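I'll go through the sheets and then the cores.

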Amino acid sequence: MKKHILVVDDDADILKLLEMRLTASDYQVTIANSAQEAISLFNMRPAALVISDLRMPEMDGFSLFEAIHQLDPTVPFILLTAHGSIPEAVYATQQGVFSFLTKPFDSKVLLQQVATALKITASHSNSPQHNDDIWSSAIICDSQQMQSLLSQAKLVAASDASVLVQGESGTGKELLAQAIHLASPRREKPFVAINCAALPEALLESELFGHSKGAFTGAVRDHQGLIKNAHGGTLFLDEIGDMPLAIQAKLLRALQERVIRPVGSTADIAIDVRVICATHKNLIEEMQANRFREDLYYRINVVSLEIPSLTARREDIPLLANYFLEKLTKKHHRKINGFAPDALELMLAAPWPGNVRQLQNIVEQVVVLSTTPIITGKLIQKALQDNISSIISFDAARKNFEQQYLINLLKATQGNVTQAARIAGRNRTEFYKILQRHHINPSLFKAIHPTE
């Protein structure tokens, strides 16, 4: 990622000059016209380097240095000073300020000082202590809530205890599960994920536990199943709250006895997996409604971790937005330098019902549509309005999935309704009713895919 530099000066012309020179040298730049504003910005998004004027009204550069170092003592600090205040600048360097430059400064000297300061920061980041954080590098955050969550996750990773990750959709539950896996002794073995809400019951059972050849129509060979694929590693069961009760019972047996039995088989297979589950549902309420087994709940919920919503950690929004911006500008081959201040303000205030996933979607949309090197507030506002209006209801999303599933199933069976019904785990009459509900004519698939 580009290094982030915070520049502070009460002179608008100096700010503009510094921003232009640093941006041209491929740094990400945030500007502040007062020390108080700089502290607020640093709290929201820490910088790798701070450059500040020494003489400013209300709070001077040295007081800002002391305040920043209370927040993070490792951040290098460069002071800009006039000739008359050189003795003060020298004193500041004795107290820990990285260096000072006199105005008017030489741009080459400035960039050399910046590069040297950031090199020191990079050296610190590459120390063995910081290399320990590689396991969680995919989780972009600075908020205290997320840092506390990651500390808990690392402690949990050292054991084989089952983990239940809870949180709203789009908060990054699978990323946290992957991080736990990478921090665990099982890191060299597979990490296998499955979304329990994405498959109908018959297919979910086969995908999880495998099946024997001939177990059902279309089972032309043995299928190992995802639990077996995860042997020695970690199995991540996303949206376990949507798992059908019959499969919950089979999963409970697998976790208790450490064996699985493929569909259509009479033999057990030994397994060695660490299970991490995730859900956006309240499993206590699901148990009370008899939709989730109490014994399975206590089996998977040895340790519970809850990921906060994006609105509960708004201080991470600028960091995430800039991370996605850098990533997506490369993906789409665009040259965009950053967000306008009003764009960041809009993102900080937005409701984000889709959490981090929605934020990434918004950033990608504006990256594709932007015609300027700075993303404006108007473009963010339009993207937010379009995004919210495009979110469909859960029932509509489920209907869309069912329709696509039926189409794929009829393509695979070349319009053979009897075979398709067996694979879907439904009787022929019920399956016809489902097809009629979705206005799907199976004969059309026979015409496209004639039976040999």
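So, let's start with a sheet of 5 strands, an open one, in the order β2-β1-β3-β4-β5, with parallel pairing. Before I go on, a word on where this comes from: it's a predicted model, local features need pLDDT of at least 70, side-chain atom pairs count only at pLDDT 80 or more, and totals for chains, interfaces and linings use all residues. Residues are numbered from 1 along each chain as its sequence is written, and side-chain values use heavy atoms, with hydrogens and water left out.

On terms: helices (H or I, at least four residues) and strands (E, at least two) are DSSP runs, numbered from the N terminus, and two strands pair if DSSP finds at least two bridges between them.

β2 (28–32) and β5 (99–102) are the edge strands, each pairing on one side only. From one strand to the next, the twist averages 20°; axes here are lines fitted to C-alpha atoms, for helices over the stretch in contact, and angles run from 0 to 180 degrees between N-to-C directions. Strand β1 (residues 4–8) runs parallel to β2, joined by 5 bridges, and I5 has V29 in β2 as its bridge partner. Helix α3 (residues 61–71) lies across β1, β3 (49–53) and β4 (77–81), at about 170° to β4. Contact, by the way, means heavy atoms within 4.5 Å.

Next sheet: 5 strands, open, parallel, in the order β7-β8-β11-β6-β12. What's at the edges? β7 (191–195) and β12 (303–306), and each has a single partner strand, so one side of each is left without a neighbour in the sheet. β7 and β8 (residues 234–238) run parallel with 5 bridges, and A193 stands opposite F236 in β8.

Now the cores. A nonpolar core is a set of buried Ala, Val, Leu, Ile, Met, Phe, Trp, Tyr and Cys residues joined through side-chain atoms within 4.5 Å, with buried meaning under 20% relative accessible area (1.4 Å probe, protein chains only). The largest one has 30 residues, and L208, L237, M243 and I300 have the most contacts inside it. Its largest share, 5 residues, comes from α11. Take L237: leaving out residues up to four places away in sequence, L237 touches I194, C196, L208, M243, L251, V275, I276, C277 and A278. Apart from that core there's another, of 27 residues, including L310, F339, V363 and I375.

Conventions:
Buried < 20%, exposed > 50% of the residue type's maximum accessible area, 1.4 Å probe, protein only.
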